[in-house]
Amino acid sequence: MHGRVELPERLQELLSAGAIVLLVALLATGALTEGGGFAGWARPAGVLVGAVLAWRRAPFVVVVLAAAATTAVLRAAGVA
């Protein structure tokens with residue numbers, strides 16, 4: 001289909017922006033909610049650490065481990 005259908009450049013830009021918005025919304029929903037309520041502060045902090053490391057182009061394994069470790073340490077310290 002890619003070679004047969006040509007979309008205007010503006011529509012391609014809008015579709016790319018829409019995909020990014022949907023991914024950010026999914027990330028926010030997964031990071032901030034659990035069982036229909038607020039998930040606590042440990043999970044969003046872990047997601048924030050992971051996002052910063054991903055933005056700084058850290059290796060994927062480092063991003064995942066740092067995010068998980070941040071969440072685990074905060075939960076062990078009693079932060080909900």
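Let us start with Arg-57, which sits in the loop between α2 and α3. Please keep in mind as you read that this model is predicted. Is Arg-57 buried or exposed? Arg-57 is exposed, because its relative accessibility is 76%, and the cut-off for that word is over 50%.

1. Stay with Arg-57 for a moment and look at its backbone. Its phi is positive, about 65°, although Arg-57 is not a glycine. Most residues other than glycine have a negative phi. In the chain, Arg-57 comes after α2.

2. Now step back into helix α2 itself, which covers residues 42-55.

3. Which residues of α2 are buried? They are Ala-42, Pro-44, Gly-46 and Gly-50. The buried residues of α2 pack against α1 and against α3, which runs over residues 60-76.

4. Arg-10 pairs with Glu-13, and the closest N and O atoms are 3.8 Å apart. That pair counts because the cut-off is 4 Å. Arg-10 and Glu-13 are three residues apart in helix α1, so about one helical turn separates them. An α-helix has 3.6 residues a turn, so residues three or four places apart point the same way. Arg-10 is exposed, at 54% relative accessible area, while Glu-13 is partly exposed, at 42%.

5. How many salt bridges are there in total? The count is two. Besides the pair in point 5, the side chains of Glu-34 and Arg-43 meet in a salt bridge, at 2.4 Å from N to O. Glu-34 is partly exposed, with a relative accessible area of 48%. Arg-43 also counts as partly exposed, at 22% relative accessibility.

6. A search of the whole structure finds one aromatic pair. Its rings belong to Phe-38 and Trp-41, with centres 5.1 Å apart and planes at 70°, so the pair is edge-to-face. The reasoning rests on a cut-off: planes over 60 degrees apart count as edge-to-face. Trp-41 is exposed, with a relative accessible area of 62%.

7. Phe-38 turns up again among the contacts of Leu-32. Leu-32 is in helix α1 and is partly exposed, with a relative accessible area of 37%. Which residues does Leu-32 touch, not counting those up to four places away in sequence? The answer is Gly-37, Phe-38, Ala-39 and Pro-44. Pro-44 is one of the buried residues of α2. Leu-32 and Leu-74 are 42 residues apart in sequence and 15 Å apart in space, C-alpha to C-alpha.

8. Arg-75 is found in helix α3 and is partly exposed, at 42% relative accessible area. Leaving aside neighbours within four places in sequence, Arg-75 is in contact with Ala-42 and Arg-43.

9. Thr-29 lies in helix α1 and counts as partly exposed, at 46% relative accessibility. How far apart in space are Thr-29 and Ala-58, C-alpha to C-alpha? The distance is 24 Å, and the two residues are 29 residues apart in sequence.

10. Val-5, Leu-7, Leu-11, Leu-14 and Leu-15 make a nonpolar surface patch of about 410 Å². Leu-14 counts as partly exposed, at 46% relative accessibility.

Conventions. Residues are numbered from 1 along each chain as its sequence is written. This is a predicted model: local features need pLDDT of at least 70, side-chain atom pairs count only at pLDDT 80 or more; totals for chains, interfaces and linings use all residues. Side-chain values use heavy atoms; hydrogens and water are left out. Rings of Phe, Tyr and Trp (its six-membered ring) pair if their centres lie within 6.5 Å; planes under 30 degrees apart count as stacked, over 60 as edge-to-face and the rest as tilted. Buried means under 20% relative accessible area, exposed over 50%, partly exposed in between (1.4 Å probe, protein chains only). Patches are made of residues with over 30% relative accessible area and no salt bridge: like charges are joined within 9 Å, nonpolar side chains (Val, Leu, Ile, Met, Phe, Trp, Tyr) within 5 Å. Accessible areas come from the Shrake-Rupley method with a 1.4 Å probe; for residues, only the protein chains shown count as cover. Helices (H or I, at least four residues) and strands (E, at least two) are DSSP runs, numbered from the N terminus. The expected span of a helix is 1.5 Å times one less than its number of residues. Contact means heavy atoms within 4.5 Å.
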